[in-house]
Amino acid sequence: MSSAERVRLVGGTGSPYTQKMAALLRYRRIPYELTWGQPAVLCEALGVEKPKPVLMPTFFFEDDGQTRAVCDSTPIIRRLEADFSGRSVLPTDPALAFIDYLIEDFADEWGTKYMFHYRWHLDADAGNAATLLPLGMGVNQPPEQHENLKGFIRERQVSRLYVVGSNDTTAPIIDASYRRFLGAMEGHLTRQKYMLGARPGAGDFGLYGQLTQLIAFDPTPRAIAHELSPRSVAWIEHVRDLTGLQPAESDWVAIEDQPDSLRGLLAEIGRVYAPAQLANARAVAAGEPEWSEQIDGATWTQPTFPYQAKCLRWSNEQYRALSPGDRARVDGLLAGTGVEAMLSAQ
């Protein structure tokens, strides 16, 4: 098999989205070529225009004879679905597919708050990350280069905690949400192997990506997970390589037959992510540079993100695209979770 027949991507060991996509490619048995490194460096080496912004992982696709670099995992998953048949991560039932979409969006946009907060808010975790992340680009770095990178990465990332809303005021909110999330995962994994049945959806891989960091990389959230959700600890080891799983259509559990434990995860989405998304969207619409909102009993303040406003719009577009019957089925599952506040059929 030539390299041209393999999906090519570049990313980092400490990147949850790189881990998300590598595991998904393995599960789908899509041949791939993963380079551990900086996407911008490979873009320059290949003479390819850099995506804006440059994020991990960056994929390189051939479109009409041109190599194009892209790095948004959610649309990339949908492209891979179109390009490669079999072992789909998208449920065929539109109502169930929408729930999968919600879970993936939560993992990518709120789950990363857990990860970034724990990684850089506490000294022990920041020291661990600053030491290991440069080595993820190359373990044979000269000691002096490694020391310089450690200081640079730590200073840069700690200074960016405000971007995800992490500070002394919100730290208890993030910690409480992470603990509730782990409790929901523990309860749900008691009932079924994956979020929506006996086969993984895109949402599973989104959660997996964040948990590879929270459980397998950063000390503080790892200790919390071992205490509160040993099933999540074991789960990431399963999801890491699902090439041997033989999925069947019947492995998806109908939305009406999902165990009550799924609502625990959805309730956490409604409790913290929904109000954050709505407040951010209002700020984007008003042209305000930051937003504040009462979330879980405390004031959350952070810079406004146009991209997350797009995420909310895309979720609503997915919701409105459902047939009235499928929307009613979704509404039945979401009723009382708080998620319904961020969705509109209008």
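The dialogue below treats the sheet and then the cores.

Analyst: This is a predicted model, in which local features need pLDDT of at least 70, side-chain atom pairs count only at pLDDT 80 or more, and totals for chains, interfaces and linings use all residues. Residues are numbered from 1 along each chain as its sequence is written, and side-chain values use heavy atoms, without hydrogens and water.

User: In what order do the four strands of the open sheet lie?

Analyst: Strands of a sheet pair through backbone hydrogen bonds, either parallel or antiparallel. Here the order is β2-β1-β3-β4, with mixed pairing; strands are DSSP runs of E, at least two residues, and helices are runs of H or I, at least four, numbered from the N terminus. Two strands pair if DSSP finds at least two bridges between them. The edge strands, β2 (32-36) and β4 (66-70), each pair on one side only.

User: How many bridges join β3 to β4?

Analyst: Five bridges join β3 (residues 58-63) to β4, and the two run antiparallel. F59 has V70 of β4 as its bridge partner.

User: Which residues touch the most other members of the largest nonpolar core?

Analyst: In soluble globular proteins, nonpolar side chains tend to be buried together. A nonpolar core is a set of buried Ala, Val, Leu, Ile, Met, Phe, Trp, Tyr and Cys residues joined through side-chain atoms within 4.5 Å, where buried means under 20% relative accessible area (1.4 Å probe, protein chains only). Here the largest core has 78 residues, and I99, F181, L207 and W235 touch the most other members. Helix α12 (residues 261-286) supplies the largest share, 10 residues. Another core, of 10 residues, lies apart from it and includes A126 and L161.

Methods
Buried < 20%, exposed > 50% of the residue type's maximum accessible area, 1.4 Å probe, protein only.
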